[in-house]
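Let's take a walk through a protein model together. Keep the sequence and the 3D view side by side as you read.

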Amino acid sequence: MDIGMLWLDDDKQLTLDEKIRRAAEYYHHKYGQPPDLCLVNKSALKNEKNVGRIEVRPVGHVLPHHFWVGVKAN
């Protein structure tokens, strides 16, 4: 992903999947295209997974409670 939207969600009532879906819905509404990639802090997720059609990857350079949402680079 070259360009994406950084989303902060520290709501303790929501699951990780719900937070990702919420960020993806906002991204789709704002940019007119559904995201297919979300990067999260590796403290939130140990291994890659999918939330619907969104590939979720744990990385070290995204802060906790932040979600970098966008479209995979070609």
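If you skip the neighbours within four places in sequence, D10 is in contact (heavy atoms within 4.5 Å) with K19 and H65. Before we go on, a word on the ground rules: this is a predicted model, where local features need pLDDT of at least 70 and side-chain atom pairs count only at pLDDT 80 or more, while totals for chains, interfaces and linings use all residues. Residues are numbered from 1 along each chain as its sequence is written, and side-chain values use heavy atoms, with hydrogens and water left out.

Back to D10, which you'll find in the loop between β1 and α1. Helices (H or I, at least four residues) and strands (E, at least two) are DSSP runs here, numbered from the N terminus. D10 has a relative accessibility of 46%, so it counts as partly exposed.

H65, one of the contacts of D10, sits in the loop between β4 (54-59) and β5. H65 is partly exposed, at 41% relative accessibility. What is the phi of H65 near? The value is near 70 degrees, which is positive in a residue other than glycine. To put that in context, most residues other than glycine have a negative phi.

Step along to H66 and you're in strand β5 (residues 66-70). Is H66 buried or exposed? With a relative accessible area of 18%, H66 is buried. Leaving out neighbours within four places in sequence, H66 is in contact with L6, W7, L8, L39, V40 and N41. A polar atom of the H66 side chain also lies 3.0 Å from the backbone oxygen of P64.

Next come the salt bridges, each one a side-chain nitrogen of Lys or Arg within 4 Å of a carboxyl oxygen of Asp or Glu. How many does the structure hold? There are five. One of them joins the side chains of R22 and D11, at 4.0 Å from N to O. R22 lies in helix α1 (residues 16-31) and D11 in the loop between β1 (4-8) and α1, so this pair ties together parts that are 11 residues apart in sequence. Both ends are partly exposed: R22 has a relative accessible area of 36%, and D11 has 27%.

Finally, head over to E55. Its side chain meets that of R57 in a salt bridge (2.6 Å, N to O), and it also meets the side chain of K72 in a salt bridge (2.9 Å, N to O). E55 lies in strand β4 and K72 in the segment after β5, so the E55 and K72 pair ties together parts that are 17 residues apart in sequence. At 15% relative accessibility, E55 is buried, whereas R57 is partly exposed at 28% and K72 is partly exposed at 34%.

Terms used. Buried means under 20% relative accessible area, exposed over 50%, partly exposed in between (1.4 Å probe, protein chains only). A polar contact is a pair of N or O atoms within 3.5 Å; within protein, one must be able to donate a hydrogen and the other to accept it, and residues adjacent in sequence count only if both atoms are side-chain atoms.
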